[in-house]
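Colleague: I'm new to this structure, and I'd like to learn how to read its features. Could you walk me through it?

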Amino acid sequence: SDSDVAATFTGIIKALEQYSKAIIEQNVKIYVRRGGPNYQEGLNMMRGLASKLGIFIDVRGPETHMTSVVAMALGKAVATNLGEAEDASASPFQKVAPAPKPVPPAPLKPASPKAAPDDEDTKPLFHQRTRAIVYGMQPAAVQNMLDFDYISRRA
């Protein structure tokens with residue numbers, strides 16, 4: 001994409017700051033991989049946000065392949081420092097044992113349409129197994145996912 005990464009991340013950072021309490025409570029892990037115009041400043045902004053809020057944000061630039069970041073997010077690979085690889089041709093990722101099969105979350109009570117955000121009847125926004133991978137930020141695809149979650153009462 002030709003969009004200014006730092007400018008794009010400004011909006012994302014505002015949203016993460018707004019929801020930081022829920023992110024911390026649910027131990028959400030965020031993985032960022034981005035390149036493009038002004039990407040270094042944008043990545044530094046995300047690193048600064050992680051330090052400021054005390055949340056886990058793994059920040060990678062275009063030197064890391066997107067599939068490697070997805071593997072890390074899914075627990076299928078462990079990152080190592082690219083500069084410390086013993087062999088320049090060696091992969092910066094080590095395979096790890098497959099993660100145990102996830103236990104399905106407990107059924108959630110549907111939120112009542114008139115419930116206030118702090119009511120106990122509302123569903124949690126995140127849980128420990130929440131995963132969201134947005135690749136290329138295709139607004140129509142993201143909206144379709146959100147619509148599906150809403151229609152299926154997952155949101």
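Modeller: Gladly! Keep in mind that this is a predicted model. Let's begin with serine 3, which is partly exposed, with a relative accessible area of 28%. Serine 3 sits in the segment before H1.

Colleague: Which residues is serine 3 in contact with, leaving aside its neighbours within four places in sequence?

Modeller: Those residues are Thr8, Arg34 and Pro37.

Colleague: Now to helices. How do I read a pair of them?

Modeller: Two packed helices are described by the angle between their axes and the distance between the axes. Here, the axes of H1 and H3 cross at roughly 15° and come within 8 Å. Angles under 35 degrees count as roughly parallel, so H1 is roughly parallel to H3. The crossing of H1 past H3 is right-handed.

Colleague: Which residues make the contact between H1 and H3?

Modeller: On the H1 side they include Val5, Phe9, Ile13, Leu16 and Glu17. H3 contributes, among others, Tyr39, Leu43, Met46, Leu49 and Lys52.

Colleague: What about charged side chains?

Modeller: Side chains of opposite charge can pair when their charged atoms come close. This structure holds two salt bridges. In one, glutamate 17 pairs with lysine 52, and their closest N and O atoms are 2.8 Å apart. That pair links distant parts of the chain, 35 residues apart: glutamate 17 belongs to helix H1 (residues 5-18) and lysine 52 to helix H3 (residues 39-53).

Colleague: Are glutamate 17 and lysine 52 buried or exposed?

Modeller: Glutamate 17 is partly exposed, at a relative accessible area of 30%, while lysine 52 is exposed, at 60%.

Colleague: And the other salt bridge?

Modeller: There, the side chains of aspartate 58 and arginine 60 meet, with 2.7 Å from N to O. Aspartate 58 is buried, with a relative accessible area of 14%, and arginine 60 is buried too, with a value of 14%.

Colleague: Which residues are buried in helix H4?

Modeller: In H4 (residues 66-73), the buried ones are Met66, Ser68, Val69, Met72 and Ala73. Seen down the axis of H4, these buried residues fall within an arc of 160°, so they line one face of the helix.

Colleague: What follows H4?

Modeller: Glycine 75 follows H4, and its phi is positive, near 75°.

Terms used:
Residues are numbered from 1 along each chain as its sequence is written. This is a predicted model: local features need pLDDT of at least 70, side-chain atom pairs count only at pLDDT 80 or more; totals for chains, interfaces and linings use all residues. Side-chain values use heavy atoms; hydrogens and water are left out. Buried means under 20% relative accessible area, exposed over 50%, partly exposed in between (1.4 Å probe, protein chains only). Helices (H or I, at least four residues) and strands (E, at least two) are DSSP runs, numbered from the N terminus. The arc is that of the directions from the helix axis to the C-beta atoms. A salt bridge is a side-chain nitrogen of Lys or Arg within 4 Å of a carboxyl oxygen of Asp or Glu. Axes are lines fitted to C-alpha atoms, for helices over the stretch in contact, and angles run from 0 to 180 degrees between N-to-C directions. Angles under 35 degrees count as roughly parallel, over 145 as roughly antiparallel, 65 to 115 as roughly perpendicular and the rest as oblique. A crossing is left-handed if the near helix is turned anticlockwise from the far one by less than a right angle, and right-handed if clockwise. Contact means heavy atoms within 4.5 Å.
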